[in-house]
Amino acid sequence: MTIVLLTLREAANRRVLLVGSVISAAFLALFWIGFSVGFTSTVEDPADPTSPEAAATIMTVLGLYAVQFLAAFTAILLASGAVAPEIESGRLHAILARPISRTSWLAQRAGTFAAVSATYVVVMSTAVLAIASMVAGYSPVGPGRGLALLALEVVVLVALGTALSVRLSALAAGIVVVAMHAAAWIGGIMELVGGVLDNAVLERIGVAVSLVIPSDALWRAGSYHLQSPAFLAASSVQEDVANPFGGSVPPSVAFVLWSLAYVGVWAVLADRWFRRRDL
């Protein structure tokens, strides 16, 4: 656990944890105020056609979307600098001169970043759901499954970013992962639009992109379980209405297994590349 402690200390010294905590607290306070005002105005306005259940679900999903956005970029920021800066600064030479294997060092470092990112998204998402529950009595379909899928999303990004950090500089690795994450979002929109327009080609392209980089698809899968049952039932009746921010269908077991295998493949590649790299 030595590398784990050193990695956490490094994050603390770089003020990553402190700055992230301050920004997160400010976001939760803003979400609480906005959710309270928005939900209250919907309930008290008889002319508003939006039902309180729909209003609570939409605002909660938007809050969770912002949380996963922050968590995704936190994971990318941490993972893209997992290896390359340590090699460039020469710190890794001093560490690996001791009786520790490259595989152990990489696993502890990447595992720490994955754990920090997953903990962040789970804690923040739980806080958003707690605020929605206190203000509007909001109750999602399956919060446990939803939070697990959001955690898996950031772990996917950490695995990808760590592997690329072995081969590229921190800046280049970060840019590539951000571009791939953005492509995943575009692929999700294409799949959504393809389903609404009954365009099989567009839908298949979106599915293919989600297999290459499943981060956005995992968000949509997780968001499905974090919506209210009544809202999902109403949305299933209105087939011509698409939600660009949340998922409308539960994830398949095959897709979840693929995402887990995706993490494993990038972890194996990262270890192989790192063991062969000339330091």
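**Entry 1: ground rules**

I am working with a predicted model, where local features need pLDDT of at least 70, side-chain atom pairs count only at pLDDT 80 or more, and totals for chains, interfaces and linings use all residues. Numbering starts from 1 along each chain as its sequence is written, and side-chain values use heavy atoms, with hydrogens and water left out.

**Entry 2: α3 against α6**

I looked up helix α3 (residues 52-80) and helix α6 (residues 102-136). Helices here are DSSP runs (H or I, at least four residues), numbered from the N terminus. The two axes come within 9 Å and cross at roughly 165°. Axes are lines fitted to C-alpha atoms over the stretch in contact, and angles run from 0 to 180 degrees between N-to-C directions. So α3 and α6 are roughly antiparallel to each other (the term applies to angles over 145 degrees).

Next I checked which residues meet (contact means heavy atoms within 4.5 Å). From α3 I noted Ala56, Gly63, Leu64 and Val67, among others. The α6 side includes Phe113, Tyr120, Met124 and Val128. I then sorted the residues of this contact: 17 are nonpolar, five polar and no charged. In this sorting, Ala, Val, Leu, Ile, Met, Phe, Trp, Tyr, Cys and Pro count as nonpolar, Asp, Glu, Lys and Arg as charged, and the others, Gly among them, as polar.

**Entry 3: aromatic pairs**

I counted eight aromatic pairs. Rings of Phe, Tyr and Trp (its six-membered ring) pair if their centres lie within 6.5 Å; planes under 30 degrees apart are stacked, over 60 edge-to-face, the rest tilted.

Phe31 and Phe35 have ring centres 5.6 Å apart and planes at 45°, so this pair is tilted. Both sit in helix α2 (residues 16-44), four residues apart, about one turn of the helix. Phe31 is buried at 10% relative accessible area, and Phe35 is buried at 2%. Buried means under 20% relative accessible area, exposed over 50%, partly exposed in between (1.4 Å probe, protein chains only). I also found Phe27, Phe31, Phe35 and Phe39 in one aromatic cluster.

Tyr65 and Trp219 form an edge-to-face pair, 5.6 Å centre to centre with 65° between the planes. Tyr65 lies in α3 and Trp219 in helix α10 (residues 215-225), so the pair ties together parts 154 residues apart in sequence. Tyr65 is buried at 16%, and Trp219 at 0%.

**Entry 4: α10**

How many residues of α10 are buried? I got 11 of its 11. Among them are Asp216, Arg220 and His225.

Technical notes. Helices (H or I, at least four residues) and strands (E, at least two) are DSSP runs, numbered from the N terminus. Angles under 35 degrees count as roughly parallel, over 145 as roughly antiparallel, 65 to 115 as roughly perpendicular and the rest as oblique.
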